[in-house]
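Please look at the sequence and the three-dimensional structure shown below. The briefing that follows goes through its open spaces, its strands and helices, and a few single residues.

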Amino acid sequence: MSKRYAGIAWTGAGYQVEVLDTAGHRVTEPRSWGAAQVAALVAWLRELGEEQPLAAVFDSTNGLLDGPMTAAGLEVYRADPWLLPDRPEFGSVPAARLAEQARSEPGSLARVTAEGGSLTGRADEYFDGVRRSEPIQAALTAAGRCIEHGRRDTPQVALTFDDGPDPVHTRRILEILDRYGVRATFFCVGHHVAALPDEVRRIAAAGHELGNHSWSHPFLPDLTPDQLREQIDRTTEAVARLTGEAPTLFRPPYGALTPEVLAALADHPTTMTMWDVDSRDWSRPGPERIAETVLGAAGPGSVVLMHEGAGDRGQTVRALPSIIEGLLARDLELVTVGELRAAAVQAGTSR
């Protein structure tokens, strides 16, 4: 049965797409899409797939498309580094190379699922890296270079939102936060910062904190040290140009760490920010379940992980009022990560 293979590469400006047929011939001329045009890109791919079965493929440095694409019912695959040539310092493997890998060796690719996300099939590797990183992470935490939560005797909680900004959900989240008069921390990806500058300015103008979440949401262990630092530095520069203030907090995509990743960040001027409460909103279990998960686990000092971008975050938006009301009912103050960290430092110095 004939099939089409869409290779999707990311660049600093957006996405480039090359589509080949089973014989290796181009189906259309190469296409480019801006980083803010993901919905249009997905719709175009769906239309191609209706004409003839289509497989979309990206590499592991692109963690921004798996949610929208799997939600749209597309057949999505990931090509891992050992299958591909070296990447540039900034950007992914070219779209034509990704399409050719899918066409010539379809069995070598990992099928991406909504449940596993863009790391489908690499869970063992992920958890092994986290385990091996624990002693180094503990040392960074003791030195004030990493935060997972604040003090447990301080009635404060930090709500955090990853993967934005988003053209729809960011404004809805900001409206809810404003309604309750609370502040939060937004860990933004550079790809979306560059595409949606007005949303970044809106977050900052509302008094919220901006953090760095890399440029393209890659699986960090697949990057060279230079590629990793380039992802962080470009995102920092993009935020600083819009707000006049460079973010000092960095959250690694997926929380993926290895000793090698931490070594690459050893001299980098950022504070690594993790979390102790995972809302698991990315799995879209329903707004009630998201709220139950957060309220069942959060307590004094908690850092709560939620998402605003890279997919349909409508359930997160609908869960947010219940989460805020539940935390406030316990007399927990909702603050930014920076405020949570400052309170811990102040308490330490005043002993």
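The largest pocket holds about 870 Å³ of space, where a volume is the space filled by probe spheres set on grid points that are joined across faces, edges and corners. A pocket is an open set of points on a 1 Å grid over the protein atoms alone, with protein on both sides within 12 Å along at least five of seven lines, whereas a cavity is a set of points where a 1.4 Å probe fits but cannot get out; lining residues have an atom within 4 Å of a point. This is a predicted model, in which local features need pLDDT of at least 70 and side-chain atom pairs count only at pLDDT 80 or more, while totals for chains, interfaces and linings use all residues. Residues are numbered from 1 along each chain as its sequence is written, and side-chain values use heavy atoms, with hydrogens and water left out.

- Among the 35 residues that line the largest pocket, Glu115, Gly116, Gly117, Tyr254 and Trp282 are the closest to its centre.
- The elements α2 (66-71), α4 (123-142), β8 (156-164) and β14 (303-307) each give at least two residues to the lining of the largest pocket, and the largest share, four residues, comes from α2. Helices (H or I, at least four residues) and strands (E, at least two) are DSSP runs, numbered from the N terminus.
- The lining of the largest pocket has 12 nonpolar, 14 polar and nine charged residues; here Ala, Val, Leu, Ile, Met, Phe, Trp, Tyr, Cys and Pro count as nonpolar, Asp, Glu, Lys and Arg as charged, and the others, Gly among them, as polar.
- The second largest pocket has a volume of about 400 Å³, and of the 20 residues that line it, Val38, Ala39, Pro68, Asp166 and Gly311 lie nearest its centre.
- Both α1 and α2 supply at least two residues each to the lining of the second largest pocket, which divides into 14 nonpolar, four polar and two charged residues.

**The cavities**

- Two cavities of 30 Å³ or more are found in the structure, and the largest cavity contains about 60 Å³ of space.
- Leu140, Arg145, Leu262, Leu265, Ala266, Thr270, Thr271 and Met272 line the largest cavity, and by class they are five nonpolar, two polar and one charged.
- The second largest cavity, with a volume of about 40 Å³, is lined by Trp10, Thr61, Arg87, Pro88, Glu89, Phe90, Gly91, Leu223, Gln227 and Gln231.
- In the lining of the second largest cavity there are four nonpolar, four polar and two charged residues.

**The sheet and the helix across it**

- An open sheet of six strands has the order β3-β2-β1-β4-β5-β6, with mixed pairing; two strands pair if DSSP finds at least two bridges between them.
- Because β3 (31-34) and β6 (110-111) stand at the edges, each with a single partner strand, one side of each is left without a neighbour in the sheet.
- Strand β5 (residues 75-79) pairs with β6 in the antiparallel sense over two bridges, and Arg78 stands opposite Ala110 in β6.
- Helix α1 (residues 38-51) lies across β1 (4-10), β2 (14-21), β3 and β4 (54-59), and runs at about 5 degrees to β2. Axes are lines fitted to C-alpha atoms, for helices over the stretch in contact, and angles run from 0 to 180 degrees between N-to-C directions.

**A pair of helices**

- Helix α5 (residues 169-180) packs with helix α7 (residues 197-205) at an angle of about 10 degrees, with their axes 10 Å apart.
- That makes α5 roughly parallel to α7, a term for angles under 35 degrees, while those over 145 count as roughly antiparallel, 65 to 115 as roughly perpendicular and the rest as oblique.
- Thr170, Arg171 and Leu174 of α5 make the contact with Glu199, Arg202 and Ile203 of α7, where contact means heavy atoms within 4.5 Å.
- By class, this contact of α5 with α7 has two nonpolar, one polar and three charged residues.

**Single residues in loops**

- Gln52 is placed in the loop between α1 and β4, and Gln52 touches Ser2, Lys3 and Arg4, not counting residues up to four places away in sequence.
- Gly164 and Pro165 are joined by a cis peptide bond, with omega about 0 degrees, and Pro165 lies in the loop between β8 and α5.
- Ser214, in the loop between β10 (209-212) and α8 (225-243), has a positive phi of about 80 degrees although it is not a glycine.
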